Protein chains: 2
Amino acid sequence: MTVTMPSALSSARESIDSRLRHTVAGLDPDTRRVSEYHFGWIDAEGAEDNRPGKALRPALVLLSARAANGDERSACSGAVAVELVHNFSLLHDDLMDGDISRRHRPTAWTVFGRSAALLAGDALLGLANGVLLEADSQRALWAARELSGTVRELIAGQAADLDFEQRTEVGFDECLRMVAGKTAALIACSCSLGALLSGASEHTVRRLRGFGFELGMAFQLVDDLLGIWGDPEETGKPVLSDLRSRKKSMPVVHALNSDTDAGMRLRELYRQPEEPTEAQVLRGAELLRSAGSEEWTRAETERRLTAAHRQLRDAGCQGTTEELTELADFVLRRNQ
Amino acid sequence: MTVTMPSALSSARESIDSRLRHTVAGLDPDTRRVSEYHFGWIDAEGAEDNRPGKALRPALVLLSARAANGDERSACSGAVAVELVHNFSLLHDDLMDGDISRRHRPTAWTVFGRSAALLAGDALLGLANGVLLEADSQRALWAARELSGTVRELIAGQAADLDFEQRTEVGFDECLRMVAGKTAALIACSCSLGALLSGASEHTVRRLRGFGFELGMAFQLVDDLLGIWGDPEETGKPVLSDLRSRKKSMPVVHALNSDTDAGMRLRELYRQPEEPTEAQVLRGAELLRSAGSEEWTRAETERRLTAAHRQLRDAGCQGTTEELTELADFVLRRNQ
């Protein structure tokens, strides 16, 4: 199945591009350079480059605004703000996780040093609030409050993820909560900000947030599948990469808590002191299948997508919701 | 001369204590523990402790509110917010600078690890915005906008400070700008937020910000003197500590740019590849004196204090400004 990228993604990127660049240009020269590199606008030497991210979250803000009330212009500050927060979290997560590659380029901290990347992350978080508050309106204030709560959830999710790395036992529910914070919260916030800033009713804002939340959970499930069975050419990571690093992603935690023979054996693999061999990594993938965890993950993705559609249907939107549906489907089909 | 600590400091600490603790308690358990340790409320094992910071910035918020309009209650959210931002910057600066001790205790990153301290800093920055936006008012929005601009200045100051470490030449003006960002901006913001949240006029807000700015510059000058000639018992650092680490503080940058014989010799000491010997460190302190830089720093502190008083006098305050004056004098006399 060939999947065409929805035009909403490129169009969101264009809509926010000048404001995002202008906002980042307000930083001091050092922090600006690191940020512009991270955004893919310049290369490590400072020469112009053009490798922007997907802009999924800005697209969700703008399409949610269009769905809620037909007009996306009022929500542009929200689209810029969520992209800033997303990139703040990427800069800091790469630092904490020691990741050396992102979007097929060396991560910012490997190029500019740990301190510079840390400061650039701080700066993007600081800018996100400033952008939302440029408008002198009650709704801008509500939006900033919503974003502040979301940042707290993001941090809670990342703290839980770091904690899981140190532990041998991770419960299924706490794993769900971790994903809810680390991934779903900002995607939910993107949808609610779009609705909020375009003047939607409280009911519509809540439903669109719910749509984003279910979509965000599904998005992470797909990501987890790709981290195990994804095509290295697409993901930029070697095959079975998450099993090799013994990451406690949702399919794995599902298996570990599955009370099956395969789950017990996977547990032994995750607990052994030495690094797993290639044969063991392959065996791990087999165990995940035997425990029913691959199947569960695919089914759960579908359940979340259905739940997302239901939230959208019940949102009482006055504008078009077609593009939101299309974007959700695209995001969740990228592994097929 | 014996200096008594103004009651405004302990009283500010009491005024914000419950709200600050309540705000931090809203974090996830891991991040909360790191933050509470950093604030001095618990020890490394989680047992109750009581080693709070000075609360200078909250005191400036509350006294500025009282000066502007006689009522400090309206400014409590601002006092909590600046304390959160101050501690965000301490957590991240300790990490970047590799400092292992703060307020006579091991720094948070040495106790909980780099990632946990990084996340705790992120969390406090995120909370600061949330606290200001709890009130549904136009002034809360202005205050959050002011804080966002201040965070950008803080980061610019820290970025410049890190950059100076890598360089042999640091100009006098760029050193002033670094201090303006790293230290004076948040102290200025504390005073302006107090005035703003208590409903003061734009003129009063601007003058009180100016008062805080001059006070902040003077505060750093005193700190720089203490880093060189301060009593180790008071500062918690060995004597001549900033010279030993060849920190480019204002007195040093003044000497390096002084076009004197002593300045030239200090430059050689700062450039030599090997660590300075104790004899060289002592000689460095002499060179600073010969270059006139100790005298300049003391005189500049007085000029800044006079400028601060002038701003306060011209602010058109309707409430009492006595306590603000008293606090400023206390802060700047702590080295005598």
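**Close-up views of a predicted two-chain model**

View 1. On the side of chain B that touches chain A, the elements giving two or more residues are helix 2 (29–38), helix 4 (76–97), helix 6 (114–132) and helix 7 (138–166) of chain B, and the largest share, 15 residues, comes from helix 7. Helices (H or I, at least four residues) and strands (E, at least two) are DSSP runs, numbered from the N terminus. The rule also finds two salt bridges across the interface, a salt bridge being a side-chain nitrogen of Lys or Arg within 4 Å of a carboxyl oxygen of Asp or Glu. The side chains of A:Arg145 and B:Asp136 form a salt bridge, at 2.9 Å from N to O.

The model is predicted, so that local features need pLDDT of at least 70 and side-chain atom pairs count only at pLDDT 80 or more, while totals for chains, interfaces and linings use all residues. Residues are numbered from 1 along each chain as its sequence is written, chains are lettered from A and ligands numbered from 1 in the order in which they are written, and side-chain values use heavy atoms, with hydrogens and water left out.

**View 2. The area buried between chain B and chain A.** The two chains bury about 3,100 Å² between them, 65% of it on carbon and sulfur atoms; buried area is the accessible area (1.4 Å probe) that two parts lose on being put together, summed over both. In chain B, the residues that lose the most area to chain A are B:Leu119, B:Leu133 and B:Ile155, together 18% of what that side buries. The contact (heavy atoms within 4.5 Å) takes 40 residues from chain B and 40 residues from chain A.

View 3. B:Leu84 counts as buried, at 0% relative accessibility, where buried means under 20% relative accessible area, exposed over 50%, and partly exposed in between (1.4 Å probe, protein chains only). Leaving aside neighbours within four places in sequence, the residues in contact with B:Leu84 include B:Leu20, B:Phe39, B:Leu124 and B:Val131.

**View 4. Two residues of chain B with positive phi.** B:Ala55, which is not a glycine, has a positive phi of about 65°; B:Ala55 lies in the loop between helix 2 and helix 3 (56–69) of chain B and is buried, at 5% relative accessibility. B:His104 has a positive phi near 60° and lies in the loop between strand 1 (101–102) and strand 2 (105–106) of chain B, where B:His104 is exposed, with a relative accessible area of 61%.

**View 5. Aromatic pairs in chain A.** A search of the whole structure finds six aromatic pairs over all chains; rings of Phe, Tyr and Trp (its six-membered ring) pair if their centres lie within 6.5 Å, and planes under 30 degrees apart count as stacked, over 60 as edge-to-face and the rest as tilted. A:Tyr37 and A:Phe112 form an edge-to-face pair, 5.4 Å centre to centre with 70° between the planes. Because A:Tyr37 lies in helix 2 and A:Phe112 in helix 5 (residues 108–112) of chain A, this pair ties together parts that are 75 residues apart in sequence.
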